[in-house]
Amino acid sequence: MPMELTALSLVGHILLIVLLVIIVLVVLLLFAPFKYELDAKISEELNVRFKVRFLAGIFEFAIVYKEKQTLMRIRLFGFKKRLRKKEETPKEPDEEDKTAQKKDIPAMVKEFFSFVSDKANRDLVKYTIKRVVKLLKRIAPDVIRTNIDYSLGEPDRTGLVTGAISLIPIVYMYEIHAYPDFESDNMYVRGKAQVKGKIHMIFVLACAISLFKNKKFRELIKKFRRSKNGG
């Protein structure tokens, strides 16, 4: 009898430890920040590096696009796994595929604007926009730095783009420097960009829960799934 009690007590302690570990992991996943960083360099070719770190680098995921190749790396507790994705030569779509694509895109755009403009969906649209904007504010980058030179080949087009850029509020919130070249006859973009920020999954979860609590949003998801499956 004492042996059985000891065994049961041991099993109970093990289950309690497992439960505590699970609780700690869930709390960390929800409240500890996932830090992301994007570095891009534009010259003759585009080079991009995107990295996500969690718990001071215990977990790290990185994607590098360089020389038209995509490299991926995962690191967990110091152990690294590298993945390399070879760039495949895209197949030229046949005439039927091109025709289908031309029909699908306008139909999707028309369906989207029809849904948004429908009076019956206005409350849902407003509700969704409000929640998504709130989430975007929570996960907005802490740092955006750019140093870019550009030209569209013609002074009037370059000036038009420059004016459009000056109207974007985010330009004045971060260290965004874009220098137009009105003299060049060639179209080009050259420079560097860096983005840093963090995401707390608790905010993403809260946004998802608030959206799925809305009956109309759930009906919209079901309708989308049925249309995707051809139902």
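Two strands are said to pair if DSSP finds at least two bridges between them, and the strands themselves, like the helices, are DSSP runs numbered from the N terminus, with at least two residues (E) for a strand and at least four (H or I) for a helix. With that in mind, please look at β3 and β4, which form a hairpin with two residues between them, and where E67 in the turn has a positive phi of about 55°. These two strands run antiparallel and are joined by eight bridges, with K66 standing opposite Q69 in β4.

Before I go on, a word about the model: it is predicted, so local features need pLDDT of at least 70 and side-chain atom pairs count only at pLDDT 80 or more, while totals for chains, interfaces and linings use all residues. Residues are numbered from 1 along each chain as its sequence is written, and side-chain values use heavy atoms, with hydrogens and water left out.

Let me stay with the backbone for a moment. Most residues other than glycine have a negative phi. A56, however, in the loop between β2 (46–54) and β3 (59–66), has a phi near 55°, and F77, in the loop between β4 (69–76) and β5 (79–85), has a positive phi of about 55° although it is not a glycine. On accessibility, buried means under 20% relative accessible area, exposed over 50%, and partly exposed in between, with a 1.4 Å probe and protein chains only. A56 is exposed at 78%, and F77 is exposed too, at 60%.

Now to the charged side chains, where a salt bridge is a side-chain nitrogen of Lys or Arg within 4 Å of a carboxyl oxygen of Asp or Glu. A search of the whole structure finds eight of them. E60 is buried at 3% relative accessibility, whereas R53 is partly exposed at 29% and R75 is partly exposed at 22%.

Finally, K198 forms a salt bridge with D142, the closest N and O atoms being 3.0 Å apart. Here K198 belongs to strand β8 (residues 187–199) and D142 to the loop between α3 (122–139) and β6 (143–152), 56 residues apart.
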